[in-house]
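Reader: I have a chain open on my screen and would like to talk it through with you. Could you put it up here too, so that we look at it together?

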Amino acid sequence: MADDDIRTALDRHWAASDANDFETEHDIYREDAVLEYPQSGERIRGRRNIQSSRAAQPNRKRFTVRRMIGSRDLWITEFLLSYDGRPSYTVSVMEFLDGKVARETQYFADPFEPGPSRAQWVERMP
């Protein structure tokens, strides 16, 4: 699968994620895909299980993609994920096999106040 095709599939995936369109959101995964959340120690096997686990999440979710980089079978997306308005900076690492996601690992980080010791060198980001 060409890089442009994967980028298009990722754009569709993240737009569907933001719209809570769970069927379209999970079209990108292989049937035997594996999703890992290292911070909580969770591993979910299978596209339908991944989809069901996300559909069961009760919070209102919003996704804002900051950037996507990758080529061939490895793609990384940085995005802001908000649960009920509470932001979490998130990184998704997707490994593709035959044009579909075979493995995804997601890392989450909550925002924090900047350290005053580096204020003179810092430019504030939106």
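Reader: Which two strands form a hairpin with two residues between them?
Author: In this predicted model, the hairpin is made by strand 3 and strand 4, and in its turn Arg72 has a positive phi of about 50°.

Reader: How many bridges join strand 3 to strand 4, and do they run parallel or antiparallel?
Author: Ten bridges join them, and the two strands, residues 61–71 for strand 3 and residues 74–83 for strand 4, run antiparallel.

Reader: And what is the bridge partner of Val65 in strand 4?
Author: Val65 is partnered by Phe79 there. As a general point on reading such a pairing, side chains in a regular strand alternate between the two faces of the sheet.

Reader: Stepping back, what does the secondary structure of the chain come to?
Author: The chain has three helices and six strands, and read along the sequence they follow the pattern α-α-β-β-α-β-β-β-β.

Reader: Changing topic, how much of the chain counts as buried?
Author: Of its 126 residues, 33% count as buried, while the chain exposes about 8,000 Å², with carbon and sulfur atoms supplying 50% of that area.

Reader: What share of the contacts with a separation of 6 or more comes from residues 24 or more positions apart?
Author: Such residues account for 42% of those contacts in the chain, whose C-alpha atoms fill a box of roughly 50 × 35 × 25 Å along the principal axes.

Reader: Last one, on charges: how far apart are the mean positions of the positive and negative ones?
Author: They are 3 Å apart, taking the 19 positive and 22 negative charges of the chain.

Terms used: Residues numbered from 1 in each chain as written. Predicted model: local features only at pLDDT ≥ 70, side-chain atom pairs only at ≥ 80, totals over all residues. Heavy atoms only, no water. Pairing = 2+ DSSP bridges. Helix = DSSP H or I, 4+ residues; strand = E, 2+ residues; numbered from the N terminus. Buried < 20%, exposed > 50% of the residue type's maximum accessible area, 1.4 Å probe, protein only. Contact = heavy atoms within 4.5 Å. Areas by Shrake-Rupley, 256 points an atom, 1.4 Å probe, with all protein chains shown as cover. Lys, Arg positive; Asp, Glu negative; His and termini not counted. Charge placed at Lys NZ, Arg CZ, Asp CG, Glu CD.
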